[in-house]
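Reader: I'm new to this one. Could you walk me through the aromatic rings and the reasons behind the labels?

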Amino acid sequence: MEKDLKDLKIELSKNGIFTTTLEELYNWGRKNSVWPLTFGLACCAIEMIATTMARYDLARFGAEVFRPSPRQADLIIVSGTVTKKMAPQVVRLYNQMPEPKYVIAMGACAISGGPFRDGYNVLKGIDRYIPVDVHIPGCPPRPEALIHAFMTLQKKIDEQSLTGSERPRHLRADQPSEFPVPAFGEHGLEPAQNRDVFVAEEGNPLKVIQ
Amino acid sequence: MTALPPVEDIKAQIEAGIPGAVVTVVPNGSPSGQHSLLLDHEHARAVAIFLRDHAELRLDFCSLMTGVDWLDTEASEKVKVKKMVAAADGTEQEQEVEEVRKTKHPGYLEAVYHLFSMEKKHGPVILRMRTANRTDGTHLPSLTPVWRSAEFQEREAFDLYGILFDGHPDLRRILMWDGFVDFPMRRDYVPPADDILVTEAHR
């Protein structure tokens, strides 16, 4: 049935008739106008800035409008080391963004703490508190890597279906759009991770590595 | 530009200028040979003002202040002592026996100041102060009233090492949050176990 429809669509387009579905149109519009938040944390932010400038030109992907308010942003690029002192603010900014919203963890630090992993004030990956859509390795990643991550995100948005059990979080009433903001504890952040977000894969349990 | 006199001369000038001040030269064996002056708590502030206002030294700029943590150390040495030892046949005989003697040196926290002169264009003169121990006697006199540039760095030394600077105008944590209780740059600091909770993929 689906294949027939696809064939019909191709056949029609060959004859100059363009057809689409609401879902395709909706996702096409969303993926080509992702507005990132003006938000940088460390050296990765410099690469992020370079990505938006003329040489790499993120505007080609419809993401040139960096918004200085989380209320107007769709995407938060966590670009740099997240210190424990900064982590609650990152989560709060993410909470203040309207759905649908996406997260790119840019660079080794945002993924895992990176070279500063053993630091007393370094969060070992922002995925402990907020759901990350695309991880980019690198220290810092080149602008091409950020563009690749951005295209990966566009692909992800394009593949989201608006109905059915596989529909994304922002279309499900039972899913949260805000996540608990960690508090400053006596020895570190409390809780140290949000277990609803920071989950291990099956057969790959979370454990303390000595 | 005037050449800085050797630290021994500076020490002599301080002791002549401030009666009762106890200044010790801490030698530095490295090629740079930057020997430093260890000050006593009681006269540290007076010595600082003396160095700042001295006509030839004019050390008007404190470029750096940092903390150092020295753990408790235990030195063991083998000593030969004469002792009465019971022999195999039951009688006691005097014998020379080797004994290991252990001496404990309590650790301390140290504050280091690097001083320069903007006016005379010379430096650095390095000052040190040491706390009584690492637990309850971690007070040192603050030199912020003498060199304002030490303010944030003394706060940092308080935040990360737990040195309490008496006379500091605003001694609060500067990098960590106020509710934090540990001193993370101390060498015996242990980070919370939750920190190293990872999935296999993150190793």
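Reader: Why is Phe184(A) called partly exposed?
Author: In this predicted model, Phe184(A) has 37% relative accessibility. Buried means under 20% relative accessible area and exposed over 50%, with partly exposed in between (1.4 Å probe, protein chains only), so Phe184(A) counts as partly exposed.

Reader: And what makes Trp177(B) buried?
Author: Trp177(B) comes out at 4% relative accessibility, so it counts as buried.

Reader: How many aromatic pairs does a search of the whole structure find?
Author: Five, over all chains. Rings of Phe, Tyr and Trp (its six-membered ring) pair if their centres lie within 6.5 Å; planes under 30 degrees apart count as stacked, over 60 as edge-to-face and the rest as tilted.

Reader: Why is the pair of Phe184(A) and Trp177(B) called stacked?
Author: Their ring centres are 4.5 Å apart and their planes sit at 15°, so the pair is stacked. Ring pairs also link Phe184(A), Trp177(B) and Phe180(B) into a cluster.

Reader: What makes Trp70(B) and Tyr108(B) a tilted pair?
Author: It's 6.4 Å centre to centre, with 40° between the planes.

Reader: How do you know that the charged end of Lys101(A) sits over the ring of Tyr94(A)?
Author: The rule asks for NZ of Lys or CZ of Arg within 6 Å of the ring centre and within 35 degrees of the ring normal. The charged end of Lys101(A) is 4.4 Å from the centre of the Tyr94(A) ring and sits over that ring.

Reader: How are residues and chains labelled?
Author: Residues are numbered from 1 along each chain as its sequence is written, and chains are lettered from A in the order in which they are written. Local features need pLDDT of at least 70, side-chain atom pairs count only at pLDDT 80 or more, and side-chain values use heavy atoms, leaving out hydrogens and water.
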